[in-house]
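Please keep the sequence and the model at hand while reading.

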Amino acid sequence: MPDLLDDAAERARRYLGSLADRKVAPSPAAVGALTRLDEPLPQGSTESATVLQLLDEIVTPATLGIAGPRFFGFVMGGSLPVSLAANWLAAAWDQNAGLYAATPGVAYLEVVALGWLKELFQLPESTEGAFVTGGTMANFTALAAARHHVLKQAGWSVEADGLFGAPPVTVIVGEEAHPTLFKSLGLLGFGRNRVVRVPVDNQGRMRTELLPAINGPAIVCAQAGNVNTGAFDPVGDICDRVKRSNAWVHVDGAFGLWAKTSPGLKALAQGVELADSWATDAHKWLNVPYDSGLAFVREPGTLPAAMAIAAAYLPSGSGQRNPSDFTPELSRRARGVEVWAALRSLGKEGVADLVGRTCGHARRFAEQLSAAGFEILNDVVLNQVLVSFGAPEMTDRVIEAIQADGTCWCGTTLWQGRRAMRISVCSWATTTADVDRSVAAIIRCARQLGA
Ligand SMILES: *Cc1c(COP(=O)(O)O)cnc(C)c1O
């Protein structure tokens, strides 16, 4: 075992060390060579060291350099060294984080980490939280609590009796809600299309004045951090308008909630703390390994009402917090360990610096690309930059060219009908020099294509 772990650590070190200089995207040849994996399941066993070597030989070259400093695709982020190392140690512990009695150490860590997160996000003291796989499941989990609450107010137990015959629940979202939010709503039986969509402005912010009148059970899903522009719905205004009618306000803050941690950015998230529930990702801006999302619910007891199970063979928390009372899963990995490690290492100032610094990088991208004559389509208020290189086909060709060039990796999007390159800066590892090197490569690719 020790030799094998040393071997894995050595291979990981070599990989991480290679990222500063290798192309961000894997070569077509490396992706093509994945067919080496198409073999029959072996009849007999193979040496563990050989298996590790195969993995490294075949799969390492076919990875995207997401862990490196110049990956700006989607909204991802890397892994802080301390969170990666904590992940390795936790994997060795092999704790099943479902029950306090079975795994007190990691259950305890979660309580501590949740307390810190509530403080960082300035959420009400009563708030309860859950460690889940990501933003999609964090929205699902918080909205399950919302569903419980609004139907209970209407005299209906959705956990016991389901949705057939239940009082109808009005679900309101912004026109620019994240695609996965519709999936979460669908999983909850609300339907992906049954929702009321509120029009948005040119940054994707919900237009509060167009919120419909609300009667009966209702859930309003606001957004902190649009996945294209980084813009925030006016959550304070939304709460002002709908709380009178007893609606539940949920905030999808997959990455935007982290703005709360930065003195320079928290004004963007003003009023977010007035909501009833929140979802965010740790694997995006906190830079912990996948998978790691967080759900928060203000009203104590509501998450457990939606999530807890009762079974004679499972020990109760006996006064301690049983993690599985708050999550869709029973058995799961102890993902709170990495969240704790990242927060313990960064401290409040370190988190604020990580968030603030990456936003500074995004502004630098926007300034330099704009100075080079290219159009920035969004107000760069956070870590997201949308760039047009002219006609849609030209923008697509520049994006293809930069991905093939390999200096950095940026993705594509359609923003309110316009094709754009989307640059998202989330990684702890990105430096100003990485931004400048990436901008130079983007401009070179664009000029070569005549943009
Ligand atoms: C990324 C994202 C999600 C989905 O999160 P996953 O962790 O990928 O499941 C939801 N909402 C927003 C705003 C996001 O940016």
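## Basis of the model

The model is predicted, with local features requiring pLDDT of at least 70 and side-chain atom pairs counting only at pLDDT 80 or more, while totals for chains, interfaces and linings use all residues. Residues are numbered from 1 along each chain as its sequence is written, and side-chain values use heavy atoms, with hydrogens and water left out.

## Enclosed cavities

Rolling a probe the size of a water molecule over the atoms shows where empty space is left. The structure holds three cavities of 30 Å³ or more; a cavity is a set of points, on a 1 Å grid over the protein atoms alone, where a 1.4 Å probe fits but cannot get out, and its lining residues have an atom within 4 Å of a point. A volume is the space filled by probe spheres set on the points, with grid points joined across faces, edges and corners.

The largest cavity has a volume of about 80 Å³ and is lined by 13 residues, among which Gly-174, Ala-177, Cys-221, Gln-223 and Asp-233 lie nearest its centre. Strand S4 (residues 218-223) gives the most to this lining, with three residues; strands (E, at least two residues) and helices (H or I, at least four) are DSSP runs numbered from the N terminus. By class, the lining of the largest cavity has six nonpolar, four polar and three charged residues, where Ala, Val, Leu, Ile, Met, Phe, Trp, Tyr, Cys and Pro count as nonpolar, Asp, Glu, Lys and Arg as charged, and the others, Gly among them, as polar.

Glu-110 is placed in helix H5 (residues 104-121). Glu-110 counts as buried because its relative accessibility is 2%; buried means under 20% relative accessible area, exposed over 50%, and partly exposed in between (1.4 Å probe, protein chains only). Not counting residues up to four places away in sequence, Glu-110 touches Ala-97, Phe-131, Arg-321, Pro-323, Arg-332 and Gly-336, contact meaning heavy atoms within 4.5 Å.

Gln-122 lies in the loop between H5 and strand S1 (128-132) and is partly exposed, with a relative accessible area of 33%. The side chain of Gln-122 reaches the backbone oxygen of Lys-260 at 3.0 Å. The C-alpha atoms of Gln-122 and Val-272 are separated by 9.2 Å, although these residues are 150 residues apart along the chain.

## Aromatic pairs

Rings of Phe, Tyr and Trp (its six-membered ring) pair if their centres lie within 6.5 Å, with planes under 30 degrees apart counted as stacked, over 60 as edge-to-face and the rest as tilted. By this rule the count comes to eight aromatic pairs. The rings of Phe-72 and Phe-365 have centres 5.0 Å apart and planes at 75°, so this pair is edge-to-face. The pair links distant parts of the chain, with Phe-72 in the loop between helix H3 (48-58) and helix H4 (81-93) and Phe-365 in helix H11 (residues 336-371), 293 residues apart. Phe-72 is buried, at 0% relative accessible area, and Phe-365 is buried, also at 0%.

Phe-74 and Trp-409 form a stacked pair, 5.6 Å centre to centre with 25° between the planes. Phe-74 lies in the loop between H3 and H4 and Trp-409 in the loop between helix H12 (392-405) and strand S10 (411-415), so the pair ties together parts 335 residues apart in sequence. Phe-74 is partly exposed at 40% relative accessible area, whereas Trp-409 counts as buried at 11%.

How values were computed. On a 1 Å grid over the protein atoms alone, a cavity is a set of points where a 1.4 Å probe fits but cannot get out, and a pocket is an open set with protein on both sides within 12 Å along at least five of seven lines; lining residues have an atom within 4 Å of a point. A polar contact is a pair of N or O atoms within 3.5 Å; within protein, one must be able to donate a hydrogen and the other to accept it, and residues adjacent in sequence count only if both atoms are side-chain atoms.
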